[in-house]
Amino acid sequence: MNKFYITTPLYYVNSKPHIGHSYTQVACDCLARFMRQAGGDVFFMTGTDEHGEKIEKAILAHGYREGEEKKFVDEIVPVFKKLWKKLAISYDYFIRTTDKNHISTVQATLEKLYKDGKIYKKIYKGWFCTPCETFWSETQSPDGICPDCKRPLEKLDEANYFLKISEYQKWLIDYIKANPDFIKPDFRKNEVLGFLNEELLDLCISRPKKRMSWGIGIPFDKDYVTYVWFDALTNYISGVGYPQDMKRFEKYWPADFHVIGKDILRHHAVYWPIILHALDIAPPKTIFAHGWWVIKGEKMSKSKGNVVDPLELISKYGIDPYRYFLLREVPFGLDGVFSEEALVSRYNSDLANDLGNLLNRTLTMAEKYFDGKIPSGQGEALKIDRRAGLNLPYGSKSAEGLKTKALALAGELEKSIPNFDFVNALSKIWEIINIANKSIEDSKPWSLAKEGKTDELASIIYSLLEVLRIVAISIYPFMPLASQNIWAQLGMKDGIEKTKFSDLKTWGKLSSGTKVNKSAPLFPRIEGT
Ligand code: MSP
(Lines give C-alpha, C1' and ligand atoms only; values in the text may rest on other atoms or scores of the structure.)
Protein backbone atom coordinates (compact mmCIF):
# COMPACT_ATOMS: atom_id res chain seq x y z
CA MET A 1 0.00 0.00 0.00
CA ASN A 2 1.39 3.40 -0.96
CA LYS A 3 2.02 5.70 1.96
CA PHE A 4 0.71 9.22 1.62
CA TYR A 5 1.66 11.87 4.17
CA ILE A 6 -0.12 15.21 3.88
CA THR A 7 0.02 18.16 6.27
CA THR A 8 -1.71 21.48 6.88
CA PRO A 9 -0.01 24.42 8.57
CA LEU A 10 -0.39 24.60 12.32
CA TYR A 11 -2.87 27.34 13.10
CA TYR A 12 -2.06 30.08 15.57
CA VAL A 13 -4.32 29.88 18.57
CA ASN A 14 -4.55 33.63 19.05
CA SER A 15 -8.03 33.82 17.49
CA LYS A 16 -10.90 31.71 16.23
CA PRO A 17 -10.52 29.80 12.95
CA HIS A 18 -11.95 31.54 9.90
CA ILE A 19 -12.67 30.70 6.27
CA GLY A 20 -8.98 30.89 5.33
CA HIS A 21 -8.00 28.22 7.86
CA SER A 22 -10.93 26.04 6.86
CA TYR A 23 -9.85 26.29 3.22
CA THR A 24 -6.57 24.42 3.73
CA GLN A 25 -8.37 21.88 5.90
CA VAL A 26 -11.03 21.13 3.30
CA ALA A 27 -8.50 20.89 0.46
CA CYS A 28 -6.24 18.50 2.40
CA ASP A 29 -9.22 16.50 3.56
CA CYS A 30 -10.40 16.12 -0.01
CA LEU A 31 -7.04 14.82 -1.12
CA ALA A 32 -6.68 12.54 1.92
CA ARG A 33 -10.12 11.01 1.31
CA PHE A 34 -9.34 10.55 -2.36
CA MET A 35 -6.06 8.78 -1.57
CA ARG A 36 -7.77 6.52 0.96
CA GLN A 37 -10.38 5.59 -1.66
CA ALA A 38 -7.51 4.76 -3.99
CA GLY A 39 -6.08 2.39 -1.38
CA GLY A 40 -3.32 4.63 0.00
CA ASP A 41 -1.95 4.36 3.52
CA VAL A 42 -2.78 7.96 4.36
CA PHE A 43 -1.43 9.97 7.24
CA PHE A 44 -3.13 13.35 7.36
CA MET A 45 -1.85 15.68 10.05
CA THR A 46 -3.04 19.06 11.27
CA GLY A 47 -2.71 20.94 14.54
CA THR A 48 -2.01 24.15 16.38
CA ASP A 49 0.93 26.53 16.76
CA GLU A 50 0.84 27.61 20.37
CA HIS A 51 4.06 29.39 21.31
CA GLY A 52 5.61 32.77 20.57
CA GLU A 53 5.01 36.44 20.91
CA LYS A 54 1.70 36.55 19.01
CA ILE A 55 0.14 33.96 21.28
CA GLU A 56 1.67 35.47 24.42
CA LYS A 57 0.09 38.84 23.51
CA ALA A 58 -3.31 37.23 22.91
CA ILE A 59 -3.01 35.44 26.25
CA LEU A 60 -2.31 38.65 28.12
CA ALA A 61 -5.03 40.51 26.18
CA HIS A 62 -7.54 37.89 27.34
CA GLY A 63 -6.75 38.69 30.94
CA TYR A 64 -4.50 35.71 31.62
CA ARG A 65 -1.18 36.25 33.36
CA GLU A 66 2.29 35.00 32.59
CA GLY A 67 2.43 31.39 33.71
CA GLU A 68 -1.18 30.76 32.67
CA GLU A 69 -0.39 30.33 28.97
CA LYS A 70 -1.12 26.62 28.83
CA LYS A 71 -4.51 27.19 30.44
CA PHE A 72 -5.41 29.65 27.68
CA VAL A 73 -4.26 27.48 24.78
CA ASP A 74 -6.01 24.46 26.26
CA GLU A 75 -9.24 26.42 26.03
CA ILE A 76 -8.75 27.53 22.42
CA VAL A 77 -7.62 24.23 20.90
CA PRO A 78 -11.07 22.59 21.29
CA VAL A 79 -12.59 25.45 19.26
CA PHE A 80 -10.42 24.36 16.32
CA LYS A 81 -11.10 20.67 16.87
CA LYS A 82 -14.84 21.30 17.04
CA LEU A 83 -14.87 23.15 13.74
CA TRP A 84 -12.80 20.48 12.02
CA LYS A 85 -15.19 17.83 13.26
CA LYS A 86 -18.13 19.84 11.97
CA LEU A 87 -16.46 20.20 8.60
CA ALA A 88 -15.85 16.44 8.45
CA ILE A 89 -12.06 16.87 8.37
CA SER A 90 -10.73 13.32 8.55
CA TYR A 91 -7.29 14.05 9.99
CA ASP A 92 -5.38 11.14 11.45
CA TYR A 93 -3.42 13.10 14.01
CA PHE A 94 -3.76 16.50 15.67
CA ILE A 95 -0.43 17.83 16.81
CA ARG A 96 0.05 20.66 19.30
CA THR A 97 3.38 22.43 19.67
CA THR A 98 2.88 22.16 23.44
CA ASP A 99 2.85 18.32 23.20
CA LYS A 100 5.63 16.63 25.17
CA ASN A 101 6.83 14.60 22.18
CA HIS A 102 7.03 17.62 19.97
CA ILE A 103 8.94 19.60 22.58
CA SER A 104 11.48 16.83 22.94
CA THR A 105 11.93 16.63 19.14
CA VAL A 106 12.53 20.37 18.90
CA GLN A 107 15.12 20.15 21.65
CA ALA A 108 16.80 17.10 20.14
CA THR A 109 17.11 18.78 16.74
CA LEU A 110 18.54 21.96 18.29
CA GLU A 111 20.99 19.90 20.28
CA LYS A 112 22.11 18.04 17.16
CA LEU A 113 22.53 21.20 15.09
CA TYR A 114 24.43 22.86 17.94
CA LYS A 115 26.75 19.87 18.39
CA ASP A 116 27.36 19.77 14.63
CA GLY A 117 28.49 23.40 14.77
CA LYS A 118 25.57 24.67 12.71
CA ILE A 119 24.28 27.04 15.38
CA TYR A 120 26.29 29.95 16.77
CA LYS A 121 25.69 32.92 19.06
CA LYS A 122 26.12 36.55 18.05
CA ILE A 123 24.84 40.01 18.85
CA TYR A 124 22.23 41.01 16.35
CA LYS A 125 21.85 44.68 15.51
CA GLY A 126 19.19 45.39 12.94
CA TRP A 127 15.53 45.45 12.00
CA PHE A 128 12.95 43.20 13.58
CA CYS A 129 9.26 42.84 12.80
CA THR A 130 7.44 42.01 16.03
CA PRO A 131 4.11 40.86 14.51
CA CYS A 132 5.90 38.58 12.00
CA GLU A 133 8.71 37.69 14.40
CA THR A 134 11.17 38.14 11.57
CA PHE A 135 14.59 39.75 11.24
CA TRP A 136 15.30 41.89 8.18
CA SER A 137 18.55 43.32 6.83
CA GLU A 138 19.08 46.94 5.74
CA THR A 139 19.08 45.78 2.12
CA GLN A 140 15.85 43.88 2.52
CA SER A 141 14.19 46.83 4.17
CA PRO A 142 15.90 50.16 3.43
CA ASP A 143 12.86 52.11 4.64
CA GLY A 144 12.32 50.30 7.96
CA ILE A 145 9.03 48.80 6.77
CA CYS A 146 8.38 45.05 6.98
CA PRO A 147 8.54 43.59 3.45
CA ASP A 148 5.87 41.02 4.48
CA CYS A 149 3.25 42.82 6.54
CA LYS A 150 4.19 46.44 5.66
CA ARG A 151 4.22 47.53 9.31
CA PRO A 152 7.06 49.63 10.80
CA LEU A 153 10.06 47.62 11.98
CA GLU A 154 11.83 47.98 15.33
CA LYS A 155 15.58 48.31 15.89
CA LEU A 156 16.97 45.42 17.90
CA ASP A 157 20.31 45.00 19.63
CA GLU A 158 20.47 41.62 21.33
CA ALA A 159 22.47 38.40 21.62
CA ASN A 160 20.83 35.41 19.97
CA TYR A 161 21.51 32.00 18.44
CA PHE A 162 21.65 31.68 14.66
CA LEU A 163 21.44 28.72 12.31
CA LYS A 164 23.95 28.91 9.48
CA ILE A 165 21.41 28.80 6.67
CA SER A 166 23.43 31.08 4.37
CA GLU A 167 25.78 28.15 3.75
CA TYR A 168 22.99 26.25 2.07
CA GLN A 169 21.70 28.94 -0.26
CA LYS A 170 23.36 27.51 -3.36
CA TRP A 171 22.28 23.96 -2.47
CA LEU A 172 18.66 25.11 -2.18
CA ILE A 173 18.65 27.00 -5.47
CA ASP A 174 20.04 23.95 -7.25
CA TYR A 175 17.59 21.66 -5.51
CA ILE A 176 14.59 23.78 -6.49
CA LYS A 177 15.76 23.93 -10.10
CA ALA A 178 16.39 20.20 -10.29
CA ASN A 179 13.04 19.25 -8.72
CA PRO A 180 10.20 20.86 -10.65
CA ASP A 181 7.52 19.42 -8.34
CA PHE A 182 9.10 20.73 -5.15
CA ILE A 183 7.26 24.08 -5.07
CA LYS A 184 3.83 24.34 -6.64
CA PRO A 185 2.25 26.17 -8.44
CA ASP A 186 5.14 27.11 -10.74
CA PHE A 187 4.72 30.84 -10.27
CA ARG A 188 5.33 30.35 -6.55
CA LYS A 189 8.54 28.49 -7.33
CA ASN A 190 9.70 31.50 -9.31
CA GLU A 191 8.82 33.74 -6.38
CA VAL A 192 11.05 31.66 -4.10
CA LEU A 193 13.90 31.66 -6.62
CA GLY A 194 13.52 35.44 -6.82
CA PHE A 195 13.86 35.69 -3.05
CA LEU A 196 16.95 33.49 -3.20
CA ASN A 197 18.57 35.92 -5.62
CA GLU A 198 19.26 38.11 -2.59
CA GLU A 199 21.81 37.11 0.00
CA LEU A 200 20.26 34.82 2.60
CA LEU A 201 20.75 35.90 6.23
CA ASP A 202 21.42 33.28 8.88
CA LEU A 203 18.23 32.37 10.71
CA CYS A 204 17.80 33.54 14.29
CA ILE A 205 16.39 30.54 16.14
CA SER A 206 16.21 31.91 19.69
CA ARG A 207 14.47 34.55 21.78
CA PRO A 208 15.86 35.74 25.12
CA LYS A 209 13.49 34.74 27.91
CA LYS A 210 13.74 38.19 29.41
CA ARG A 211 11.90 39.54 26.34
CA MET A 212 9.61 36.58 25.62
CA SER A 213 9.45 33.41 27.64
CA TRP A 214 6.48 31.52 26.11
CA GLY A 215 8.36 28.97 24.05
CA ILE A 216 10.37 25.77 24.07
CA GLY A 217 13.54 26.13 26.14
CA ILE A 218 16.83 26.05 24.21
CA PRO A 219 18.57 22.93 25.56
CA PHE A 220 22.04 24.48 25.66
CA ASP A 221 21.15 27.87 27.16
CA LYS A 222 18.59 28.27 29.92
CA ASP A 223 18.12 31.98 29.19
CA TYR A 224 16.57 31.40 25.77
CA VAL A 225 13.50 29.89 24.18
CA THR A 226 13.17 28.63 20.59
CA TYR A 227 12.01 30.92 17.79
CA VAL A 228 8.38 30.03 17.10
CA TRP A 229 8.89 29.19 13.41
CA PHE A 230 11.71 26.74 14.15
CA ASP A 231 9.44 25.18 16.76
CA ALA A 232 6.38 25.05 14.47
CA LEU A 233 8.08 23.76 11.31
CA THR A 234 9.59 20.88 13.26
CA ASN A 235 6.06 19.50 13.76
CA TYR A 236 6.21 17.94 10.31
CA ILE A 237 8.89 15.51 11.50
CA SER A 238 7.97 15.25 15.18
CA GLY A 239 4.43 14.22 14.19
CA VAL A 240 5.73 11.12 12.41
CA GLY A 241 8.10 10.07 15.14
CA TYR A 242 11.44 11.81 14.57
CA PRO A 243 13.72 10.94 16.34
CA GLN A 244 11.95 8.77 18.94
CA ASP A 245 10.38 6.30 16.50
CA MET A 246 12.61 6.15 13.46
CA LYS A 247 10.78 3.17 11.98
CA ARG A 248 7.58 5.16 11.76
CA PHE A 249 9.46 8.22 10.59
CA GLU A 250 11.13 6.33 7.78
CA LYS A 251 7.80 4.93 6.72
CA TYR A 252 6.16 8.34 6.24
CA TRP A 253 8.98 10.76 5.52
CA PRO A 254 9.45 12.58 3.15
CA ALA A 255 6.01 14.16 3.38
CA ASP A 256 4.14 13.98 0.09
CA PHE A 257 2.52 17.38 0.51
CA HIS A 258 2.88 20.34 2.79
CA VAL A 259 -0.17 22.43 1.92
CA ILE A 260 0.12 26.06 3.00
CA GLY A 261 -1.13 29.57 2.22
CA LYS A 262 0.97 31.82 0.01
CA ASP A 263 1.94 34.07 2.96
CA ILE A 264 4.02 31.37 4.62
CA LEU A 265 5.83 30.16 1.52
CA ARG A 266 9.26 31.51 2.46
CA HIS A 267 9.22 29.74 5.82
CA HIS A 268 8.31 26.45 4.16
CA ALA A 269 10.25 26.63 0.92
CA VAL A 270 13.45 28.29 2.20
CA TYR A 271 13.95 27.82 5.94
CA TRP A 272 12.36 24.39 6.30
CA PRO A 273 14.27 22.52 3.55
CA ILE A 274 17.50 24.04 4.84
CA ILE A 275 16.79 23.03 8.43
CA LEU A 276 16.12 19.51 7.17
CA HIS A 277 19.21 19.46 5.01
CA ALA A 278 21.32 20.61 7.96
CA LEU A 279 19.86 17.68 9.91
CA ASP A 280 20.59 15.27 7.04
CA ILE A 281 16.93 14.73 6.36
CA ALA A 282 15.42 14.80 2.85
CA PRO A 283 13.10 17.70 1.95
CA PRO A 284 9.34 17.13 1.59
CA LYS A 285 8.25 16.06 -1.90
CA THR A 286 5.94 18.99 -2.66
CA ILE A 287 5.05 22.26 -1.00
CA PHE A 288 1.81 23.58 -2.44
CA ALA A 289 0.90 27.20 -1.70
CA HIS A 290 -2.73 28.16 -2.17
CA GLY A 291 -4.14 31.66 -2.60
CA TRP A 292 -6.12 33.81 -0.21
CA TRP A 293 -9.79 34.42 0.21
CA VAL A 294 -10.49 38.14 0.29
CA ILE A 295 -13.68 40.08 0.83
CA LYS A 296 -14.44 42.47 -1.99
CA GLY A 297 -10.76 42.97 -2.65
CA GLU A 298 -9.87 43.52 1.01
CA LYS A 299 -7.93 41.27 3.35
CA MET A 300 -10.06 39.79 6.09
CA SER A 301 -9.29 41.28 9.47
CA LYS A 302 -10.87 41.58 12.86
CA SER A 303 -10.51 45.35 12.87
CA LYS A 304 -12.40 45.67 9.57
CA GLY A 305 -15.06 43.35 10.98
CA ASN A 306 -15.18 41.35 7.73
CA VAL A 307 -13.96 37.99 8.97
CA VAL A 308 -16.06 35.15 7.55
CA ASP A 309 -17.08 32.66 10.23
CA PRO A 310 -17.33 29.14 8.80
CA LEU A 311 -19.74 28.04 11.54
CA GLU A 312 -22.25 30.68 10.55
CA LEU A 313 -22.13 29.63 6.89
CA ILE A 314 -22.35 25.95 7.74
CA SER A 315 -25.40 26.47 9.90
CA LYS A 316 -27.08 28.43 7.09
CA TYR A 317 -26.13 26.32 4.06
CA GLY A 318 -24.78 23.02 5.33
CA ILE A 319 -21.35 21.43 5.51
CA ASP A 320 -21.16 19.98 2.02
CA PRO A 321 -22.26 23.11 0.15
CA TYR A 322 -19.60 25.06 2.06
CA ARG A 323 -16.89 22.55 1.16
CA TYR A 324 -18.11 22.37 -2.42
CA PHE A 325 -18.08 26.14 -2.81
CA LEU A 326 -14.52 26.53 -1.49
CA LEU A 327 -13.13 23.94 -3.87
CA ARG A 328 -15.31 24.67 -6.92
CA GLU A 329 -15.35 28.45 -7.03
CA VAL A 330 -11.67 29.32 -7.32
CA PRO A 331 -8.74 27.37 -8.81
CA PHE A 332 -6.58 26.20 -5.91
CA GLY A 333 -3.47 28.34 -5.96
CA LEU A 334 -5.18 31.59 -6.96
CA ASP A 335 -6.83 34.22 -4.76
CA GLY A 336 -10.60 34.23 -4.54
CA VAL A 337 -13.21 36.80 -3.60
CA PHE A 338 -15.64 35.44 -1.09
CA SER A 339 -19.28 36.42 -1.25
CA GLU A 340 -22.36 34.79 0.17
CA GLU A 341 -24.25 35.57 -3.06
CA ALA A 342 -21.74 33.52 -5.05
CA LEU A 343 -22.15 30.63 -2.60
CA VAL A 344 -25.96 30.74 -2.90
CA SER A 345 -25.77 30.90 -6.66
CA ARG A 346 -23.47 27.85 -6.85
CA TYR A 347 -25.69 26.04 -4.38
CA ASN A 348 -28.85 26.65 -6.38
CA SER A 349 -27.41 25.91 -9.80
CA ASP A 350 -24.99 23.04 -9.21
CA LEU A 351 -26.34 21.37 -6.10
CA ALA A 352 -30.10 21.99 -6.02
CA ASN A 353 -30.76 22.10 -9.77
CA ASP A 354 -28.23 19.74 -11.29
CA LEU A 355 -27.35 17.10 -8.72
CA GLY A 356 -30.42 17.37 -6.48
CA ASN A 357 -32.81 17.14 -9.42
CA LEU A 358 -31.06 14.21 -11.02
CA LEU A 359 -31.27 12.25 -7.80
CA ASN A 360 -34.84 13.20 -7.10
CA ARG A 361 -36.18 12.59 -10.60
CA THR A 362 -34.39 9.28 -11.01
CA LEU A 363 -35.56 7.87 -7.71
CA THR A 364 -39.10 9.11 -8.29
CA MET A 365 -39.15 7.22 -11.58
CA ALA A 366 -37.69 4.09 -10.00
CA GLU A 367 -40.49 4.23 -7.43
CA LYS A 368 -43.19 4.94 -9.95
CA TYR A 369 -42.27 2.52 -12.68
CA PHE A 370 -40.40 -0.24 -10.85
CA ASP A 371 -41.94 -0.37 -7.43
CA GLY A 372 -38.90 1.32 -5.88
CA LYS A 373 -36.52 -1.41 -7.02
CA ILE A 374 -33.47 -1.11 -9.21
CA PRO A 375 -34.63 -2.55 -12.55
CA SER A 376 -32.52 -4.95 -14.53
CA GLY A 377 -30.48 -3.39 -17.29
CA GLN A 378 -26.89 -4.21 -16.35
CA GLY A 379 -24.36 -3.27 -18.90
CA GLU A 380 -26.97 -1.54 -20.98
CA ALA A 381 -26.44 2.16 -21.37
CA LEU A 382 -26.96 2.00 -25.05
CA LYS A 383 -30.64 2.60 -25.34
CA ILE A 384 -30.60 5.74 -23.31
CA ASP A 385 -27.74 6.95 -25.42
CA ARG A 386 -29.42 6.29 -28.72
CA ARG A 387 -32.67 7.84 -27.74
CA ALA A 388 -31.20 10.89 -26.03
CA GLY A 389 -28.76 11.88 -28.75
CA LEU A 390 -26.14 12.67 -26.15
CA ASN A 391 -23.74 14.29 -28.53
CA LEU A 392 -25.93 17.34 -28.82
CA PRO A 393 -25.58 19.42 -25.66
CA TYR A 394 -21.83 19.52 -25.23
CA GLY A 395 -20.70 20.40 -28.70
CA SER A 396 -19.06 17.05 -29.28
CA LYS A 397 -19.60 15.64 -32.74
CA SER A 398 -19.19 12.02 -31.71
CA ALA A 399 -22.00 10.36 -29.81
CA GLU A 400 -20.53 9.63 -26.40
CA GLY A 401 -22.85 7.65 -24.25
CA LEU A 402 -23.48 8.06 -20.57
CA LYS A 403 -21.60 4.86 -19.95
CA THR A 404 -18.48 5.86 -21.90
CA LYS A 405 -18.50 9.31 -20.36
CA ALA A 406 -19.03 7.98 -16.85
CA LEU A 407 -16.27 5.42 -17.22
CA ALA A 408 -13.83 8.05 -18.44
CA LEU A 409 -14.34 9.99 -15.22
CA ALA A 410 -11.91 7.93 -13.13
CA GLY A 411 -9.03 8.92 -15.41
CA GLU A 412 -9.96 12.60 -15.16
CA LEU A 413 -10.09 12.46 -11.37
CA GLU A 414 -6.77 10.63 -11.15
CA LYS A 415 -5.17 13.41 -13.16
CA SER A 416 -6.81 16.35 -11.44
CA ILE A 417 -7.22 15.66 -7.72
CA PRO A 418 -3.59 14.78 -6.87
CA ASN A 419 -2.62 18.02 -8.64
CA PHE A 420 -5.08 20.01 -6.56
CA ASP A 421 -7.12 20.75 -9.66
CA PHE A 422 -10.41 20.51 -7.82
CA VAL A 423 -12.16 22.81 -10.28
CA ASN A 424 -11.47 20.48 -13.18
CA ALA A 425 -12.39 17.36 -11.21
CA LEU A 426 -15.73 18.83 -10.19
CA SER A 427 -16.52 20.17 -13.65
CA LYS A 428 -15.94 16.70 -15.09
CA ILE A 429 -18.30 15.16 -12.52
CA TRP A 430 -20.87 17.81 -13.32
CA GLU A 431 -20.58 17.18 -17.04
CA ILE A 432 -21.89 13.70 -16.41
CA ILE A 433 -24.64 14.95 -14.10
CA ASN A 434 -25.71 17.37 -16.81
CA ILE A 435 -25.64 14.79 -19.57
CA ALA A 436 -27.75 12.52 -17.39
CA ASN A 437 -30.26 15.29 -16.75
CA LYS A 438 -30.40 16.13 -20.42
CA SER A 439 -30.89 12.49 -21.29
CA ILE A 440 -34.00 12.36 -19.09
CA GLU A 441 -35.48 15.28 -20.99
CA ASP A 442 -34.54 13.79 -24.35
CA SER A 443 -35.51 10.19 -23.71
CA LYS A 444 -38.81 11.04 -21.97
CA PRO A 445 -39.12 7.93 -19.79
CA TRP A 446 -42.74 8.88 -19.00
CA SER A 447 -43.67 8.38 -22.69
CA LEU A 448 -41.87 5.04 -22.73
CA ALA A 449 -43.93 4.03 -19.71
CA LYS A 450 -47.11 5.05 -21.48
CA GLU A 451 -46.07 3.21 -24.64
CA GLY A 452 -45.35 0.10 -22.56
CA LYS A 453 -41.69 -0.05 -23.65
CA THR A 454 -40.60 -1.57 -20.36
CA ASP A 455 -37.20 -2.90 -21.47
CA GLU A 456 -36.08 0.42 -22.79
CA LEU A 457 -37.46 2.19 -19.74
CA ALA A 458 -35.60 -0.24 -17.45
CA SER A 459 -32.40 0.35 -19.33
CA ILE A 460 -32.76 4.10 -18.99
CA ILE A 461 -33.56 4.08 -15.28
CA TYR A 462 -30.79 1.58 -14.60
CA SER A 463 -28.27 3.76 -16.43
CA LEU A 464 -29.33 6.84 -14.51
CA LEU A 465 -28.98 4.97 -11.22
CA GLU A 466 -25.53 3.80 -12.30
CA VAL A 467 -24.57 7.41 -13.01
CA LEU A 468 -25.74 8.30 -9.51
CA ARG A 469 -23.61 5.48 -8.08
CA ILE A 470 -20.59 6.83 -9.93
CA VAL A 471 -21.40 10.39 -8.88
CA ALA A 472 -21.77 9.35 -5.23
CA ILE A 473 -18.33 7.70 -5.20
CA SER A 474 -16.64 10.52 -7.06
CA ILE A 475 -18.02 13.36 -4.92
CA TYR A 476 -17.06 11.52 -1.72
CA PRO A 477 -13.75 13.39 -1.23
CA PHE A 478 -15.49 16.73 -1.75
CA MET A 479 -18.86 16.21 -0.06
CA PRO A 480 -18.63 13.12 2.13
CA LEU A 481 -22.02 13.61 3.77
CA ALA A 482 -23.98 14.18 0.57
CA SER A 483 -22.17 11.27 -0.97
CA GLN A 484 -23.24 8.99 1.90
CA ASN A 485 -26.77 10.34 1.61
CA ILE A 486 -27.00 9.48 -2.10
CA TRP A 487 -25.48 6.09 -1.37
CA ALA A 488 -28.15 5.31 1.18
CA GLN A 489 -30.88 6.56 -1.15
CA LEU A 490 -29.60 4.12 -3.76
CA GLY A 491 -30.35 1.40 -1.23
CA MET A 492 -26.73 0.64 -0.30
CA LYS A 493 -26.28 -0.78 3.17
CA ASP A 494 -22.51 -0.38 3.58
CA GLY A 495 -21.00 3.04 4.26
CA ILE A 496 -19.73 4.96 1.24
CA GLU A 497 -16.24 4.99 2.77
CA LYS A 498 -16.09 1.25 2.09
CA THR A 499 -16.21 1.86 -1.66
CA LYS A 500 -13.02 1.88 -3.66
CA PHE A 501 -11.89 4.26 -6.31
CA SER A 502 -11.69 1.33 -8.72
CA ASP A 503 -15.48 0.91 -8.37
CA LEU A 504 -15.68 3.90 -10.68
CA LYS A 505 -14.05 1.95 -13.44
CA THR A 506 -16.76 -0.69 -13.81
CA TRP A 507 -20.21 -0.12 -15.23
CA GLY A 508 -23.12 -2.17 -13.94
CA LYS A 509 -22.25 -2.70 -10.28
CA LEU A 510 -25.78 -1.98 -9.03
CA SER A 511 -27.78 -5.15 -8.41
CA SER A 512 -31.24 -5.17 -9.81
CA GLY A 513 -33.94 -5.82 -7.26
CA THR A 514 -32.26 -3.63 -4.61
CA LYS A 515 -34.83 -1.39 -2.99
CA VAL A 516 -34.03 2.31 -3.34
CA ASN A 517 -34.68 4.57 -0.45
CA LYS A 518 -35.83 7.99 -1.63
CA SER A 519 -35.71 10.61 1.10
CA ALA A 520 -36.11 14.36 1.48
CA PRO A 521 -34.43 16.55 -1.18
CA LEU A 522 -30.69 16.61 -0.60
CA PHE A 523 -30.21 20.26 -1.50
CA PRO A 524 -33.51 22.17 -1.22
CA ARG A 525 -33.39 25.41 -3.23
CA ILE A 526 -32.51 28.54 -1.32
CA GLU A 527 -35.07 31.20 -2.16
CA GLY A 528 -35.05 34.94 -1.66
CA THR A 529 -31.45 35.77 -0.84
N1 MSP B 1 1.27 29.25 12.58
C2 MSP B 1 1.64 29.61 11.27
C3 MSP B 1 1.91 28.39 10.42
C4 MSP B 1 2.95 27.46 10.95
S5 MSP B 1 3.09 26.03 9.98
C6 MSP B 1 4.40 25.24 10.57
C7 MSP B 1 0.50 30.42 10.63
N8 MSP B 1 -0.69 30.31 11.19
S9 MSP B 1 -2.01 31.12 10.74
O10 MSP B 1 -3.03 30.67 11.62
O11 MSP B 1 -1.74 32.52 10.74
O12 MSP B 1 -2.30 30.75 9.27
C13 MSP B 1 -2.50 29.43 8.92
C14 MSP B 1 -2.88 29.30 7.47
O15 MSP B 1 -4.09 29.97 7.18
C16 MSP B 1 -1.82 29.87 6.52
O17 MSP B 1 -1.53 28.90 5.54
C18 MSP B 1 -2.52 31.04 5.88
O19 MSP B 1 -2.11 31.22 4.57
C20 MSP B 1 -3.97 30.61 5.93
N21 MSP B 1 -4.85 31.74 5.81
C22 MSP B 1 -5.04 32.74 6.71
N23 MSP B 1 -5.91 33.63 6.17
C24 MSP B 1 -6.28 33.24 4.92
C25 MSP B 1 -7.20 33.67 3.97
N26 MSP B 1 -7.89 34.77 4.11
N27 MSP B 1 -7.39 32.90 2.86
C28 MSP B 1 -6.76 31.69 2.70
N29 MSP B 1 -5.89 31.25 3.60
C30 MSP B 1 -5.47 32.08 4.60
O31 MSP B 1 0.76 31.10 9.65
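Which element gives the largest share of the shell around the ligand? Keep that in mind as you open this predicted model and start at the ligand.

**Stop 1: the ligand**

Select the ligand and show its surroundings: 23 residues surround it, and the closest are Leu 10, Asp 49, Gly 261, Asp 263 and Trp 293. Begin with Leu 10, where a backbone N or O atom lies 2.7 Å from a nitrogen atom of the ligand. Then move to Trp 293, which places a polar backbone atom 2.9 Å from a ligand nitrogen. The ligand taken alone exposes 670 Å², and the protein buries 94% of that.

Next, colour the elements that give two or more residues to this shell: strand E1 (3-12), helix H1 (19-37), helix H7 (228-233), helix H8 (235-238) and strand E11 (257-261). Here is the reply to the opening question: E1 supplies the largest share, four residues. Coloured by class, the shell shows 13 nonpolar, eight polar and two charged residues.

**Stop 2: the cores**

Select Ile 429, Trp 430, Phe 478 and Met 479, the residues with the most contacts inside the largest nonpolar core, which has 113 residues. Zoom in on Met 479. Beyond its neighbours within four places in sequence, Met 479 is in contact with Asp 320, Tyr 324, Leu 351, Leu 355, Trp 430 and Phe 523. A second, separate core holds 57 residues, including Met 45, Val 228, Tyr 242 and Trp 272.

**Stop 3: two cis peptide bonds**

Stay with Tyr 242: a cis peptide bond joins it to Pro 243, with omega about -10°. Pro 243 sits in the loop between H8 and helix H9 (246-252). Another cis bond links Lys 184 and Pro 185, also with omega about -10°. Look for Pro 185 in the loop between strand E7 (183-184) and helix H6 (186-195).

**Stop 4: loop residues**

Ala 88 has a positive phi of about 60° although it is not a glycine. Find Ala 88 between helix H3 (69-86) and strand E3 (93-96). Is Ala 88 buried or exposed? Ala 88 counts as buried because its relative accessibility is 15%, below the 20% cut-off.

Lys 150, in the loop between strand E5 (134-136) and strand E6 (154-163), has a positive phi near 65°. Lys 150 counts as exposed, at 57% relative accessibility.

Finish at Asp 221, in the loop between strand E9 (206-208) and strand E10 (224-226). Asp 221 is buried, at 14% relative accessibility. Leaving aside neighbours within four places in sequence, Asp 221 is in contact with Lys 121 and Tyr 161.

Notes. Residues are numbered from 1 along each chain as its sequence is written. This is a predicted model: local features need pLDDT of at least 70, side-chain atom pairs count only at pLDDT 80 or more; totals for chains, interfaces and linings use all residues. Side-chain values use heavy atoms; hydrogens and water are left out. A residue is near a molecule or strand if one of its heavy atoms lies within 4 Å of it. A polar contact is a pair of N or O atoms within 3.5 Å; within protein, one must be able to donate a hydrogen and the other to accept it, and residues adjacent in sequence count only if both atoms are side-chain atoms. Accessible areas come from the Shrake-Rupley method with a 1.4 Å probe; for residues, only the protein chains shown count as cover. Ala, Val, Leu, Ile, Met, Phe, Trp, Tyr, Cys and Pro count as nonpolar, Asp, Glu, Lys and Arg as charged, and the others, Gly among them, as polar. A nonpolar core is a set of buried Ala, Val, Leu, Ile, Met, Phe, Trp, Tyr and Cys residues joined through side-chain atoms within 4.5 Å. Buried means under 20% relative accessible area, exposed over 50%, partly exposed in between (1.4 Å probe, protein chains only). Contact means heavy atoms within 4.5 Å.
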